[in-house]
Amino acid sequence: MKIRAPTLADVEAARVRIAGTAHHTPLIPFGSPGEPTDVHVKLECLQPTGAFKIRGALNAVELAGHEALAAGVYTGSAGNMAQGLAYAARVRGVPCRVIVPDSAPATKLRAIERLGAEILAVPYDVWWSVLENHGYPGEAGYFIHPVADTGVIAGNGTVGLELLDDLPDLAAVVVPFGGGGQACGIATAVKALRPDVRVFAAEVETAAPLRASLDLGRPTSIDRRPSFVDGIGGSSVLDSMWPMVSTLLDGSIVVSLAQVREAIRMLARDVHVVAEGAGAAALAAALTGEAGPGPVVAVISGGNIDAPVLAEILNSPW
């Protein structure tokens, strides 16, 4: 399915639309005492739902209109978009149903339920087909794709506007890559205003479909290995996202699980925030230096990590 790429005007309109509900999150320098770096962190983990997805969900729901929302909304999500859409649906007073992979973290599932959404857990391959096919057979309600939706991408792009407001001399941005909706939204906004700014995807070694696709010059499937980094790392780059991904992004920086664990520990120690694996992957990628000279911003996309996983990482040897 072909989708329209958002424009800067779409992103600016989304900023007005979601103001007062989604937060303008902090952007702060990263580094240990006495060890400054040229990296900054954008703390999207401090959004009301613990992740950036609330931006795109709010914008898409507002754009849908009353008639489309009459039967409620639904999406396919491993957790963060599910929470974002459940929050947006509650704001609008409409039902929300979420199709999740049966491997979704318990922390995210509990949060979805607290927000009032109904959950349908399915095998990972079935869940992935929801993203590929833009819907689930027999499901009622208005489907909002977690990635490949113009309104979602435009809402995500409001992060880029905030980055340029808060750090005008920004040189590069590193964004976790799940499906490309966040990275392409940020790139749309940033490159429209500052074409020289580089935007990189952060991927993890166990599932890096963008790197594989960029190497081949076309979307390709990979052998995905599940890990604690559950918010990124799909089986492939969606065909509907490839035109945007391949033109807007400056490359993929792939990091190891060990680097992600270390980034989670550093964020807890030095910034005093909790990050999930996907969010910490951006910091890990930024610290490799592959994004080039700074200032470089790592988008800490979310903080919804299972407590036992976080405890194991924080208690392991540094």
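Q: Across which strands does helix α3 lie?
A: This is a predicted model. Helix α3 (residues 80-92) lies across β3 and β4. Its direction runs at about 170° to β3.

Q: How do I read the sheet, and what is its strand order?
A: Strands of a sheet pair through backbone hydrogen bonds, either parallel or antiparallel. Here the sheet is open, has 4 strands in the order β5-β4-β3-β6, and pairs in parallel. β5 and β6 are the edge strands, each pairing on one side only. β3 and β4 pair in the parallel sense over 4 bridges. Val73 stands opposite Cys96 in β4. Helix α5 packs on the sheet too, touching β3, β4, β5 and β6. The direction of α5 makes about 130° with that of β4.

Q: Which residues of α5 are buried?
A: In α5 (residues 124-133), the buried residues are Tyr124, Trp127, Trp128, Val130 and Leu131. They cover an arc of only 145° around the axis, so they lie on the same side of α5. Their cover includes β3 (73-76), β4 (96-101), β5 (118-122) and β6 (142-143). The face turned away from the buried side carries exposed Asp125 and Asn133. His134 follows α5, with a positive phi near 60°.

Q: How do I describe the packing of α11 and α12?
A: Two packed helices are described by the angle between their axes and the distance between the axes. Helix α11 (residues 257-271) packs on helix α12 (residues 277-286) at about 95°, with axes 8 Å apart. That angle makes α11 roughly perpendicular to α12. Contact residues include Val260, Ile264 and Leu267 of α11 and Ala280 and Leu283 of α12. By class, the contact has 8 nonpolar, 2 polar and no charged residues.

Key:
Residues numbered from 1 in each chain as written. Predicted model: local features only at pLDDT ≥ 70, side-chain atom pairs only at ≥ 80, totals over all residues. Heavy atoms only, no water. Buried < 20%, exposed > 50% of the residue type's maximum accessible area, 1.4 Å probe, protein only. Helix = DSSP H or I, 4+ residues; strand = E, 2+ residues; numbered from the N terminus. Arc of directions from axis to C-beta. Contact = heavy atoms within 4.5 Å. Axes fitted to C-alpha atoms, helices over the stretch in contact; angles between N-to-C directions. Parallel < 35°, antiparallel > 145°, perpendicular 65-115°, else oblique. Nonpolar A, V, L, I, M, F, W, Y, C, P; charged D, E, K, R; others polar. Pairing = 2+ DSSP bridges.
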